[in-house]
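The following note is intended for a colleague who is meeting this structure for the first time. Please read the points in order.

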Amino acid sequence: MTYLEVRNLSKRYGDFTALGDITLDIADGEFVCFLGPSGCGKTTLLRAIAGLDPQTSGTIRQKGRDVSALPPAKRDFGIVFQSYALFPNLTVADNVGYGLVSRREKKAAIAARVVDLLAMVGLPDAGPKYPAQLSGGQQQRVALARALATSPGLLLLDEPLSALDARVRLRLRHEIKALQRRLGVTTIMVTHDQEEALTMADRIVVMNHGAIEQVGAPQEIYRQPASAFVADFVGSMNFLPGTLMTPEKVQVGGLDLICPRQEGLAVGHKVNLCIRPEDVRVRDLPPAIANRLTVEVTELDFVGAFCRAGLKSRAAAELALTADFSSNLIRDLGVGLGTRLDVALPPDRLRVFAA
């Protein structure tokens, strides 16, 4: 069931188009991430949905109701900002219950709701404290509790974890997702952190220059990027410049490499052949395996759980790529700078984009 419908939405500031003809459906109870670089329009789209920065044209329907021209107070949402925006002069309990007081709920009902919410976010004893007495992670939980106080149908998160350190960010990432699943609230989160989007979202909306590049499940976005931008922005990717020789063959540096059949690209055109570093195959290579290369290790960087290796083809000096090797592989094969290896580029893991 569709909960939010965005149709042909645009936002212009004078001659500058921040959003251009955005159309998007979000299902009831879904967790969606707007992902993209700074200035791509993701926060502008979130603010338009909230009514905080109304669109220039287009419509927004929430649970079948046209909210396109309604002020924020008339829309059913809770929002958590990057800066938390807690009232420093109010206690945690008063911050959480602020929206309920504005709705003139009874004091006893507000107090009970605040107790439930603080317990839900893991801060049962924080009610009497003030925001300045809490850590950044605790303040973020208070902001989340406040956003959920009025039981909104839509939860909006504007880069809620970006101001936190890595450990707290990782913990809250899992807590927010678990809470969202438990409550079943439709959620939109803006982020520029691809790892956040991949681990938290049911679907990811990748944006660039005010337009949607691709919408899909995390695994689809990562494994089947629809454009060179998505391939480059989400995860690490090797781009090998070449020429499409046949619909199923790309020539890179004089070497012919088999690729998935290309229907939308013309033979003879310049292309980029793409492969993820972790997809470069090293172990157990059959003699007749496709796209076998002899390479030399020219760089080797320790990245914790794995090593990122720079590889250069022995047959074509201009064919260079990176590969991720596990610590076990490094040890078992005795890989070091200058080591020569046979590797393979599996055709089913290759993507081809116009140069």
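1. A residue is called buried under 20% relative accessible area, exposed over 50%, and partly exposed in between, using a 1.4 Å probe and protein chains only. Helices (H or I, at least four residues) and strands (E, at least two) are DSSP runs numbered from the N terminus.

2. The model is predicted: local features need pLDDT of at least 70, side-chain atom pairs count only at pLDDT 80 or more, and totals for chains, interfaces and linings use all residues. Residues are numbered from 1 along each chain as its sequence is written, and side-chain values use heavy atoms, with hydrogens and water left out.

3. Helix H5 spans residues 136–148, and 11 of its 13 residues are buried. Among them are Gly137, Arg141, Leu144 and Leu148. The cover over these buried residues includes strand S6, helix H2, helix H4, strand S7 and helix H6.

4. Leu257 lies in strand S13 (residues 255–258) and counts as buried because its relative accessibility is 1%. Leaving aside residues up to four places away in sequence, Leu257 touches Glu248, Lys249, Val250, Val252, Leu273, Asn291, Leu293 and Leu345; contact means heavy atoms within 4.5 Å.

5. An open, antiparallel sheet has four strands in the order S17-S16-S15-S18. Strands S17 (320–326) and S18 (340–344) each have a single partner strand, so one side of each lacks a neighbour in the sheet. Strands count as paired if DSSP finds at least two bridges between them. Seven bridges join S16 (residues 306–313) to S17, and Ala309 has Ala323 in S17 as its bridge partner.

Note on methods:
Expected span 1.5 Å × (residues − 1).
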